[in-house]
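Please read the numbered paragraphs alongside the coordinates.

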Amino acid sequence: MADIPQNMTGKICMVTGASSGIGQATALALAHLDATMIIVGRSQKKSKNTVQMIKKATGNVNVDYLLADLSTQKELFQLAENFKNRYQRLDILVNNAGAKFVKRLETVDGLEMSFALNHLAYFILTMLLLDSLKNSNEARIINVSSDSHRSCPGINFNDLQSANNYIGKQAYAQSKLANILFTYELSERLKGTGVTVNALTPGGVASNFCKNNGWISWMKHITAHILALNLIGLAEAARTAVFLATSSEVMGISGQYFSKQKSIRSSAACYDKETANRLWRISLELSGLAEPSLSKINV
Ligand SMILES: NC(=O)c1ccc[n+]([C@@H]2O[C@H](COP(=O)([O-])OP(=O)(O)OC[C@H]3O[C@@H](n4cnc5c(N)ncnc54)[C@H](OP(=O)(O)O)[C@@H]3O)[C@@H](O)[C@H]2O)c1
């Protein structure tokens, strides 16, 4: 049985996509452990309701929300600014907000939605908050991926925005592979900074996932997990993220992929260093960011 500390008092934690599903369950569990919780949502109403629900359920008054549509780069930059204006450091960042899009959509920045929301938002938010993370004694970044990454043989750099022959399932799988490539590459670059980064698969859960595509798509998602006998509840789906955020067992552990609180091998495509490096460089270019300073001391 993995050990989970009884409290996270004084730890500042941010969870994206915390207005529902796995993110909300993760934020609730961390608030139960007395963390200072910042939930990130795109809907003011849902985010406010989540904050109220968590405060009521846990008695923790240090729960707040920040708003951003994470598919929009301008809002990601604003989110990071809003956070830094209020908090000196960040101890735990859980990049969780994500979705599958059956039909191809483009963001206001002209990027394909699965790539922009599921991968680039993780990348940009993490880059923008690196200084805040380095201000923590022992910061942890947790990237919520999916075992769906296994169905993607590699990143299609010839058509990164899936402009030709879009298949939602494939675009989703590619974005979840990108989560792990990003995790492994960032972990290498963070060596010596005291900041760790790991990825995870939460398991199959009947959240709001796929509802954006309509009820049939949602039912298909749930039915697939029921037939595979691997449908789990929200609290269980959040457990690996909570474990990675809190457990002393994973102190200093970085660049790994977790399932059910255990480090496991991800697909072979995740370990292609050239691909990870190329994705890193393209992600910087697409977000207009400079190579971050990864020294221990903020400069
Ligand atoms: N469900 C599964 O079986 C499963 C399996 C493997 C991996 N995952 C991963 O788990 C993560 C969470 O999924 P979930 O199952 O909890 O789904 P969910 O219930 O649909 O929750 C997704 C969260 O992301 C937010 N979000 C979506 N688009 C956004 C945007 N443009 N800007 C800001 N926030 C946005 C949603 O906000 P709203 O509340 O406003 O919609 C919601 O809070 C995803 O990364 C997914 O890939 C899920």
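**Notes on the predicted model**

1. Met-14 stands opposite Ile-38 in strand 2. The chain crosses from strand 1 to strand 2 by way of helix 1, and this β-α-β crossover is right-handed; the term means that, with the strands pointing away from the viewer, the path from the first strand over the helix to the second runs clockwise. Helices (H or I, at least four residues) and strands (E, at least two) are DSSP runs, numbered from the N terminus.

2. Residues are numbered from 1 along each chain as its sequence is written. This is a predicted model, in which local features need pLDDT of at least 70 and side-chain atom pairs count only at pLDDT 80 or more, while totals for chains, interfaces and linings use all residues.

3. Strand 1 (residues 12–16) pairs with strand 2 (residues 36–41) in the parallel sense over 5 bridges; two strands pair if DSSP finds at least two bridges between them. Strand 1 also pairs with strand 4, again in the parallel sense, over 3 bridges. Met-14 has Leu-93 as its bridge partner in strand 4.

4. Is strand 1 mostly covered or uncovered? It is mostly covered, since 5 of its 5 residues are buried. A residue is buried if 20 or more other C-beta atoms lie within 10 Å of its own, exposed if 12 or fewer, and partly exposed in between, with C-beta atoms placed from the backbone. Ile-12, Met-14 and Thr-16 on one side of strand 1 and Cys-13 and Val-15 on the other are all buried, which leaves both faces covered.

5. Strand 5 (residues 140–144) is likewise mostly covered, with 5 of its 5 residues buried.

6. Strand 5 has parallel partners in strand 4 and strand 6. Strand 4 (residues 92–95) is joined to strand 5 by 4 bridges, and the two run parallel; here Val-94 stands opposite Ile-142. Strand 6 (residues 196–201) pairs with strand 5 in the parallel sense over 5 bridges, and Val-144 stands opposite Leu-200. The chain then crosses from strand 5 through helix 5 (residues 168–189) to strand 6 in a right-handed β-α-β crossover. Strand 4, helix 4 (residues 113–134) and strand 5 also make a right-handed β-α-β unit.

7. Which residues are the closest to the ligand? Of the 27 residues that surround the ligand, the closest are Gly-17, Gly-21, Gly-98, Ser-146 and Ser-207; a residue is near a molecule if its C-beta atom, placed from the backbone, lies within 6 Å of it. Helix 1 (21–32) and strand 7 (204–205) each supply at least two residues of this shell, and helix 1 gives the most, with 3 residues. By class, the shell has 9 nonpolar, 15 polar and 3 charged residues. Ala, Val, Leu, Ile, Met, Phe, Trp, Tyr, Cys and Pro count as nonpolar, Asp, Glu, Lys and Arg as charged, and the others, Gly among them, as polar.

8. Two backbone angles deserve a check. Most residues other than glycine have a negative phi. Cys-210, in the loop between strand 7 and helix 6 (215–227), has a positive phi of about 85° although it is not a glycine. Cys-210 is buried because 22 other C-beta atoms lie within 10 Å. Leu-229, in the loop between helix 6 and strand 8 (231–232), has a positive phi of about 55° and is not a glycine either. Leu-229 counts as exposed because it has 7 C-beta neighbours inside 10 Å.
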